[in-house]
Amino acid sequence: MSETLPRNNIFKVIGASSLGTLIEWYDFYIFGSLAVIIGHQLFPEDAGASALINTLAIFAAGFIVRPFGALVFGRLGDLIGRKYTFLLTLVLMGGSTFCIGLIPSYKSIGYAAPILVLLLRLIQGLALGGEYGGAATYVAEHAPHNKRGFFTSWIQTTATLGLFLSLGIIVITKNILGAETFGNWGWRIPFLLSIVLVVVSIYIRMKMHESPLFSKLKAEGNVSKNPLKESFNNKANFKMVLLALFGATMGQGVIWYTGQFYAQSFLENTCKLDFNDSRYILLWGIAFATPFFVVFGAWSDKVGRKWIMLSGMLLGILFYRPIYQIFLDDTDYTKIEQADILSAAPAPITSVLIANSTDSLRTASTKVMLKNGASFNRVQTDTVSATKGILLGKEIIKDKVLPASVFWKFVGLIFFQILLVTMVYGPIAAFLVELFPTKIRYTSMSLPYHIGNGVFGGLVPFIATLIASFSGATPLSGLWYPIGIAALSLLIGAIYLSNKKDENIND
Amino acid sequence: MNTLKKFLGLVWMVLGPLTMAFLFIQAIDKVGLTHTDIERTNTILQWAIILFIFLPISLGLMIFGFYAWKGEYNHLPDSSEEL
């Protein structure tokens with residue numbers, strides 16, 4: 001049935017599916033892209049690094065529930081159809097994102113703020129867990145067998161484009177409002193904007209038809225009565241779920257989230273790059289690399305899915321540490337010579353009283369411009385105590401703006417990491433769709449995908465930041481988590497996975 | 001290759017409990033380091049999340065190893081009709 005679908009119709013199917021999925025990814029990622037600002041809003045002002053870790057934990061909670069969303073909505077999708085299920089997930093995602101934009105800050109409602117955001121974040125995770133499997137299945141079931149990788153790769157671009165859209169809207173909003181207004185309330189705009197995007201997407205999706213393979217199953221009365229039971233009680237199927245998880249999606253997930261999320265977190269929080277600079281670097285990297293999802297998806301139709309995905313993992317294992325070492329070395333401004341400095345302009349000293357205390361925090365900041373075009377802020381915060389005198393704080397160099405040559409070098413390094421993402425992620429939808437039969441496909445493929453991406457991948461920024469905060473750890477220690485997981489997945493995938501393509505998914 | 005798949009199954013079966021033990025030891029060690037009287041630096045919740053998520057996955061790795069040891073992956077289905 002899918003073989004005879006006209007070419008313009010398949011692109012309509014891809015367009016309508018991709019737009020909704022892109023918006024869901026946008027909704028899901030704005031939280032991560034604003035983690036530092038949200039951390040300040042949801043937790044006490046003096047919470048410091050633990051505010052970021054707790055915010056990343058809330059961010060991670062959304063990932064953790066994705067497999068549960070996959071089970072709940074996957075079951076629905078195999079019972080009532082693909083179309084209505086991912087329409088429902090879109091409504092849930094848009095509604096919860098909009099509500100996050102309305103949550104009062106910690107100052108207004110105390111710890112109710114992070115708890116409410118956590119609940120909404122859980123709904124987001126459940127919705128996303130149901131969305132992706134539906135969209136990938138829907139497109140694959142419309143696609144001809146010799147172009148399944150090519151057509152599903154368009155769905156694969158949506159996750160990265162969703163991140164691109166979220167970063168773009170954040171940067172534009174911040175530049176229009178200014179940093180202070182954006183930090184106070186402007187950060188809510190990207191969340192509130194989501195409702196407009198979702199309404200447009202719902203309108204488009206309402207016009208879509210049900211998947212031809214699912215309609216055929218339904219007409220023949222072969223729809224699964226209990227997809228969960230058939231997926232996981234059937235040993236032959238369950239062993240494929242485990243193989244897909246450990247041999248493919250686990251490694252793919254950590255490569256995805258290291259290249260795009262941990263990279264941004266590392267540049268912003270470890271290298272202390274300027275807010276805009278770190279996002280511009282990622283935006284350029286994504287823009288250059290995104291077409292390669294389609295390149296590798298199409299190539300996998302010719303040479304098979306397995307070795308393209310595993311090569312991406314291998315390159316990540318080999319090159320992550322050298323790449324992140326370059327990030328550190330090129331942003332180390334502690335050994336700047338006096339001759340390199342163009343100007344140093346001290347800002348007025350500010351003093352803030354510490355709550356419930358007579359002590360105050362005195363902050364001195366100097367804006368330093370270098371001759372090569374770089375700049376940074378040198379900040380020192382001392383505690384002025386009525387009883388203990390002045391306790392000198394440690395000098396911090398932050399808000400680093402890179403010289404043009406280093407900026408483009410970083411864009412190249414991010415591009416390379418996202419290229420690896422396109423290798424592991426471009427072919428994986430077709431790979432998963434071909435692994436499972438139609439009547440339990442939505443349920444079966446969603447679970448390994450969301451454990452691999454949501455749990456192993458989504459936890460990369462959180463676990464890597466946690467590891468790097470251990471005593472004795474170096475800034476690169478966090479990378480052992482994605483490297484170790486990718487190495488295990490590469491080994492299992494190389495030995496156990498088959499490179500064959502299942503031409504007939506109409507079963 | 002099938003012999004390698006089979007014997008590596010033993011490695012995955014051992015790796016599952018080893019991962020569980022490693023996570024428990026790390027959790028006890030790292031939670032013990034924090035000042036539990038200061039709520040904001042407490043990492044109990046963070047480690048509880050990690051254990052809650054990764055323990056079932058470690059169990060899944062053991063089952064995967066068991067299937068590999070039993071030769072379940074010696075022949076992978078050529079089409080989903082075989083599932």
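Me: Which residue in β4(A) is the bridge partner of Val368(A)?

Reply: Keep in mind that we're looking at a predicted model. In it, β3(A) and β4(A), the strand of residues 375–385, pair in the antiparallel sense over 10 bridges. Val368(A) has its bridge partner in β4(A), and that partner is Phe376(A).

Me: Which residue takes a positive phi in the hairpin of β3(A) and β4(A)?

Reply: That hairpin leaves 4 residues between its two strands. The positive phi there is near 100°, and the residue that takes it is Gly373(A).

Me: How many bridges join β1(A) to β3(A)?

Reply: β1(A) covers residues 341–346, with Pro346(A) in it. β3(A) covers residues 360–370 and runs antiparallel to β1(A). One bridge partner pair is Pro346(A) with Thr366(A) of β3(A). The number of bridges joining β1(A) to β3(A) is 5.

Me: Is Pro346(A) buried or exposed?

Reply: To count as exposed, a residue may have 12 or fewer other C-beta atoms within 10 Å. Pro346(A) has 11 such neighbours, so it counts as exposed.

Me: How far apart in space are Pro346(A) and Ser365(A), C-alpha to C-alpha?

Reply: Along the sequence, these two are 19 residues apart. In space, the C-alpha to C-alpha distance from Pro346(A) to Ser365(A) is 5.9 Å.

Me: Where is Lys388(A), and is it buried or exposed?

Reply: Lys388(A) sits in the loop between β4 and β5 (389–391) of chain A. Its C-alpha is 9.5 Å from that of Asp359(A), although the two are 29 residues apart in sequence. With 9 C-beta neighbours inside 10 Å, Lys388(A) counts as exposed.

Me: Let's zoom out. How far apart are the C-alpha centres of domain 1 and domain 2 of chain A?

Reply: The domain assignment gives domain 1 as 2–331 + 403–496 and domain 2 as 338–399. The C-alpha centres of these two domains of chain A lie 38 Å apart.

Me: Which residues touch the most other members of the largest nonpolar core?

Reply: This core has 149 residues. Its largest share, 18 residues, comes from helix α13 (residues 235–270) of chain A. Both domain 1 and domain 2 of chain A give residues to the core, so it lies between them. The members that touch the most others are Val139(A), Val424(A), Leu432(A) and Val460(A).

Me: What value is phi of Lys272(A) near?

Reply: Lys272(A) is in the loop between α13 and α14 (275–289) of chain A. Because it has 17 C-beta neighbours inside 10 Å, Lys272(A) counts as partly exposed. Phi of Lys272(A) is positive in a residue other than glycine, with a value near 60°.

Me: And what value is phi of Asp399(A) near?

Reply: You'll find Asp399(A) in strand β6 (residues 395–401) of chain A. Asp399(A) is partly exposed, with 19 other C-beta atoms within 10 Å. Here again is a positive phi in a residue other than glycine, near 50°.

Me: Over to chain B: which residues does UniProt list for "transmembrane region"?

Reply: Chain B has 2 helices and 0 strands. Residues 7–28 of chain B are 100% helix, with end C-alpha atoms 33 Å apart, and residues 48–69 are also 100% helix, with ends 32 Å apart. In its unreviewed entry, UniProt lists as "transmembrane region" residues 7–28 and 48–69 of chain B.

Me: What share of chain B do buried residues make up?

Reply: A residue needs 20 or more other C-beta atoms within 10 Å to be buried. Chain B has 83 residues, and the buried share is 18%.

Definitions and conventions. Residues numbered from 1 in each chain as written. Chains lettered and ligands numbered in written order. Predicted model: local features only at pLDDT ≥ 70, side-chain atom pairs only at ≥ 80, totals over all residues. Pairing = 2+ DSSP bridges. Domains from an automatic or database assignment. Core = buried A, V, L, I, M, F, W, Y, C linked by C-beta atoms within 7 Å. UniProt positions renumbered as here; feature names shortened; annotations may be inferred.
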